[in-house]
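Subject: Structure handover and notes

Hello,

My notes come after it.

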Amino acid sequence: MTQQITHSELDAAVKKSPRKWVYLFSEGNATMRELLGGKGAGVAEMTNAGLPVPPGFTITTEACNAYYDAGKHFPEGMWDQALAALKIVEQQTGKHFGQKDNPLLVSVRSGAKFSMPGMMDTVLNLGINDETVQGLVALTGDERFAYDAYRRFIQMFSKIVLDTDPKDFEHVLDQYKERAGVKSDAEISAADLKKLVVEFKQIAERQSGEPFPTDVYQQLQKAIEAVFSSWNNKRAIDYRNFNKISHSLGTAVNVQSMVFGNMGEDSGTGVAFTRDPGTGEKQLYGEYLLNAQGEDVVAGIRTPSKISRLQDDLPHVYQQFQEIAHRLEQHYRDMQDLEFTVEKGRLYMLQTRSGKRSAQAGIKVLVDMVNEGLISEQEAVKRADTTQVYQLLLPRFDEAKKKQAEKEGRLLAKGLNASPGAATGKAVFDADRAEELGKAGTPVVLIRPETSPDDVHGMLVAKGILTARGGATSHAAVVARGLGLPCVAGCEGIRVNEAEHLFRVVDSDFVLREGDDISIDGATGEVFAGIIETVDPDFEKEVELKQLLNWADQYRRLGVWANADYPRDARRAVTFGAQGIGLCRTEHMFMEQERLPIVQKMILAKTQQERQAALDQLLPFQREDFKGIFVEVTRLETQGGHEQELKEKREMLEAVGSMREMNPMLGLRGCRLGLLFPEINVMQTRAILEAARELAREGKKLQPKIMIPLVGHVNELKEVRRQLEAVAKEITAEGVAVDYKFGTMIELPRAALTAGEISPVADFFSFGTNDLTQTTFGFSRDDAEGKFLLKYVDGLTEPGIEGKVKILPVNPFQTLDRDGVGQLVRMAAENGRKANAHLELGICGEHGGDPDSIEFFHMVGLDYVSCSPFRVPVARLAAAQAALTTSERDK
Ligand code: ADP
Ligand code: MG
């Protein structure tokens, strides 16, 4: 009954306040992430699921925002609500905050809506002072434990709340260990810890210039303020900027009764994923330390044991943990990242969240969960991360080159394979230098003894991360996986010398210095001296990815084609699942070495005869190029196959020739050139149609689509069409008739505005959104990106204005500007179709591979997107996601 009385005290405190700022864990749930932050919502959900969670309460993100709005003062009523909630926690635990007998200690933990690993701050063991520590001793009979908790508290509180330099504490700690001749913190004697506490307090007072707070309520108040403030520390802001997380979300604060992993050999603390976050394999993956507290594992101070060893050390705890892990996965229907502590053989869950994972694991886990019946195909498609799909197709090390490097003695050491991928670059030993070089475009590999949040700005620009200490759940590993960066962690075979900017290989005395080339393989943990060549991954072997994309294909409406200028691009496009070629730039064919002199002759020709002679020479080259591309897209047909394959084959029979040239953006380019020099158009049409005819003779039917670029007035298109039809007639007269389609690119605002006049002359429109963006904005892309565009996106600094003034939300060359360029696309599509019901609509700008733009193209009813071959898998997935999520929204 007392329980109810105090509950009503909290209710009363809430009534007196403008808002409810504080929620007991038992009052929250998983859907309240916005308000309680991810951590608060997670512990609340676990509490209500009946899992063993130390009692506590959450101060909301709204309170954090209100704190800032009020000029860094707690909002009205918040503190009273917190005190009322604390009383309830006292009752739940039977302990008393700030009292000598049976003292309650709490942790004060930050937790925003989106997890920001290691970005904000947590204080443990709060509520300890010279008196309560006596209570802890009396209660546990363990003086060593009590003073260890105390010295940790002073250390953490000083660093996080008093903002003092942690190095001084570590230095003194090291001195004690040295004097006592011990290696780990856990071996320091009680007597020494007592002395350490005194010394730590002196350091804290000296550094902060104020007495160390002995009043536990003052400790709590200051810690809560520090967590609120940590939302706006530099590293948190950097992290949010990089991950595009809004700055206005605020962080929640969790105040939770402490459980102790540092109470002896039947206690410990750890972190674990329910599946391997590197490979996606379904097995517990993680680490723990016996007789340790919280951040000992993550900080990489001691190298922890694998979670599977817990099975030998504390078998019943391991079994219980396994059950809980399974339950949480089923509950959340996702791979979880768990934090736990064991106090004297009793397991407590401290955190659950969806686990960050590598690209490979991301896809595998989804496909496995579908096969396990945990989620549906649609859900897997919707949840798949397009960025991870892209990453999976990035280069890896060439195995043969790796073997060779090993033979040459360049394999220096092997660490943990913490985040897969191949990284090569110049070795750099501090984050600032990495940032400097990285921003200047030099590929760098950042090498650290271990990383901390202070290194993140360097990690963001590095190609890969190598650390000498710390496990697979260390800061370096977690952040790298989140960023999709290759990482080798805990590489104990090297000794990093920060001061001299080098590392020494333990076994061989080899020294690698700043600026030397280095290669790391995050998939195997290998570290090599020098650069190792990379190769493209074998798409055929990506079984799970192919499965996922096959599911995606069932749900998408948009066709996915590829832009390909050479046969090798076309080959890759077909492998990645493109249904056709949506753009083939004939001027790129002109740029191949052996043709360039002929092209120059053509351009410089003074008479029509001279030009014709050059064109006659070019014709066979172009015909062969087109043949090569056609062969690639029809290859499947000749290989034979079953019905599905035949269907794909038919769709594959698409190819496009177009003609553009390299003159300045608004100059004599696109269709204008062929109008002035019709013989160029005639030659190119011949090359395309003859190539198609030759293949037709071999029984390969295909339909080239001839696409005219940079049309602004319908008369331009009419005239080109007349030219082409004349050539087609000639070819038909020569024998086999070739079926082709004729269309135009819509890449000038005038073409979009007059689409209804143009479409009766065209079989199809393909939106050239690169040029359409340039001409709509009046930007010349190269100039704009080099000079001001990125500043527009990043934000301008204006005198007298805090923060940055953003002109554009994103780079419009990467993500289609829906409100401007997009409206031209929408209008042209509608008007074009009104005047020609059979008009086919596609897009072939770079936006064809951008998920956000693809969603827009789906919504305005285009038929297909065409993108670079490497983006084809991304586009297949994004098109399906657009179909699934927009149809949901319509409901
Ligand atoms: P982060 O956001 O960096 O993960 P947490 O708030 O989860 O920070 O705290 C870090 C670690 O501190 C946890 O993994 C856990 O081991 C320890 N910790 C936090 N709260 C408690 C508690 N109430 N009892 C015991 N350990 C705790
Ligand atoms: Mg945590």
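The notes below cover conventions, the ligand sites, a pocket and a few single residues.

This is a predicted model, in which local features need pLDDT of at least 70, side-chain atom pairs count only at pLDDT 80 or more, and totals for chains, interfaces and linings use all residues. Residues are numbered from 1 along each chain as its sequence is written, chains are lettered from A and ligands numbered from 1 in the order in which they are written, and side-chain values use heavy atoms, with hydrogens and water left out.

Glutamate 339 sits in strand 11 (residues 336–343) and glutamine 351 in strand 12 (residues 346–354), 12 residues apart. Helices (H or I, at least four residues) and strands (E, at least two) are DSSP runs, numbered from the N terminus. Glutamine 351 is buried at 4% relative accessibility, whereas glutamate 339 is partly exposed at 21%. Here buried means under 20% relative accessible area, exposed over 50%, and partly exposed in between (1.4 Å probe, protein chains only). In the loop between strand 11 and strand 12 lies lysine 344, a residue other than glycine with a positive phi, near 45 degrees.

Ligand 1

There are 14 residues around ligand 1, and Lys39, Ser107, Arg109, Glu339 and Gln351 come nearest; a residue counts if one of its heavy atoms lies within 4 Å. An oxygen atom of ligand 1 is 2.5 Å from an N or O atom in the side chain of glutamate 339. A nitrogen atom of the ligand lies 2.9 Å from a polar side-chain atom of serine 107, and a nitrogen atom is 3.1 Å from a polar backbone atom of valine 259.

Second largest pocket

This pocket has a volume of about 990 Å³. A pocket is an open set of points, on a 1 Å grid over the protein atoms alone, where a 1.4 Å probe fits, with protein on both sides within 12 Å along at least five of seven lines; lining residues have an atom within 4 Å of a point. Grid points are joined across faces, edges and corners, and the volume is the space filled by probe spheres set on the points. The lining has 41 residues, with Pro395, Arg396, Pro420, Gly421 and Ala422 nearest the centre. Helix 14 gives the largest share, 4 residues; among the other elements supplying at least two are helix 17 (399–407) and strand 16 (422–428).

Just after helix 17, glycine 409 has a positive phi of about 75 degrees.

Other residues

Arginine 275, in the loop between strand 8 (268–273) and strand 9 (285–290), is buried at 0% relative accessibility. Its side chain makes a polar contact of 2.8 Å with the side chain of glutamate 372. A polar contact is a pair of N or O atoms within 3.5 Å; within protein, one must be able to donate a hydrogen and the other to accept it, and residues adjacent in sequence count only if both atoms are side-chain atoms.

Regards
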